[in-house]
Amino acid sequence: MKKILWVAALLIAFNMIAADLPAAAGWPQFRGPNGNGIAPADAKPPTVWSDTKNLQWKVGLPGPGSSSPIVWGNRVFVTCYSGYGDG
C-alpha cells in the first residue's frame, strides 16, 4: 500500500510540475497546446482560406472526418471514419 501511495504522490507532483512548463511547439490536442483554444499572442493565423489562398496542401480521406488535427513537428495527423464495423 505504501508503494502505491508513493507512486501516486510522484505522479501528482509530476503533473503539477508539467502543468507549469511551456507547451511543446505544435498543436498536440483538441483546442491547442493548453486545451483552451487560445493561440500564442504572437501568432498570426490566417482568417481566410480557399483553394488558392492560405492553403499549403490537401489530401483526400477515405471517409468523413470531424476530429481535431494534431500537429507534431513537421507532421499533421487527422482521422476519419470509413464505416468499418458498421453493421
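Val 59 counts as exposed, because its relative accessibility is 52% and the cut-off for exposure is over 50%. This residue sits in the loop between β1 (26–27) and β2 (70–72). The model is a predicted one. In it, Val 59 belongs to a nonpolar surface patch of about 450 Å².

The chain as a whole contains one helix and three strands. Along the sequence these elements follow the pattern α-β-β-β. The helix, α1, covers residues 2–20. The three strands form an open sheet in the order β1-β2-β3, with antiparallel pairing. Its edge strands are β1 and β3 (75–77), each of which pairs on one side only. Three bridges join β2 to β3 in the antiparallel sense. In one of the pairings, Ile 70 has Phe 77 of β3 as its bridge partner.

Of the 87 residues in the chain, 2% are buried. The accessible surface of the chain comes to about 8000 Å². Carbon and sulfur atoms account for 63% of that surface. Contacts were also examined by sequence separation. Among contacts in the chain with a separation of 6 or more, 29% join residues 24 or more positions apart.

Beyond its neighbours within four places in sequence, Gly 35 is in contact with Gln 29 and Phe 30. Asn 54 is also found in the loop between β1 and β2. Its phi is positive, at about 60 degrees, although Asn 54 is not a glycine. The relative accessibility of Asn 54 is 39%, so this residue counts as partly exposed.

Charged side chains were searched over the whole structure. One salt bridge was found. Side chains of opposite charge can pair when their charged atoms come close. The pair here is Lys 58 with Asp 51, and the closest N and O atoms lie 3.1 Å apart.

The average pLDDT of the chain is 73. A score of at least 70 is reached by 68% of the residues. Strand β3 has the highest confidence, at a mean of 85. Helix α1 has the lowest, with a mean of 53. Over residues 17–21, pLDDT stays under 50. For this stretch the model shows zero contacts beyond four places in sequence. Where pLDDT is low, the predicted coordinates should not be read in detail.

Definitions and conventions:
Residues numbered from 1 in each chain as written. Predicted model: local features only at pLDDT ≥ 70, side-chain atom pairs only at ≥ 80, totals over all residues. Heavy atoms only, no water. Patch = residues over 30% accessible without salt bridge, like charges linked within 9 Å, V, L, I, M, F, W, Y side chains within 5 Å. Areas by Shrake-Rupley, 256 points an atom, 1.4 Å probe, with all protein chains shown as cover. Salt bridge = Lys/Arg side-chain N within 4 Å of Asp/Glu carboxyl O. Helix = DSSP H or I, 4+ residues; strand = E, 2+ residues; numbered from the N terminus. Buried < 20%, exposed > 50% of the residue type's maximum accessible area, 1.4 Å probe, protein only. Contact = heavy atoms within 4.5 Å. Pairing = 2+ DSSP bridges. pLDDT = per-residue confidence, 0-100.
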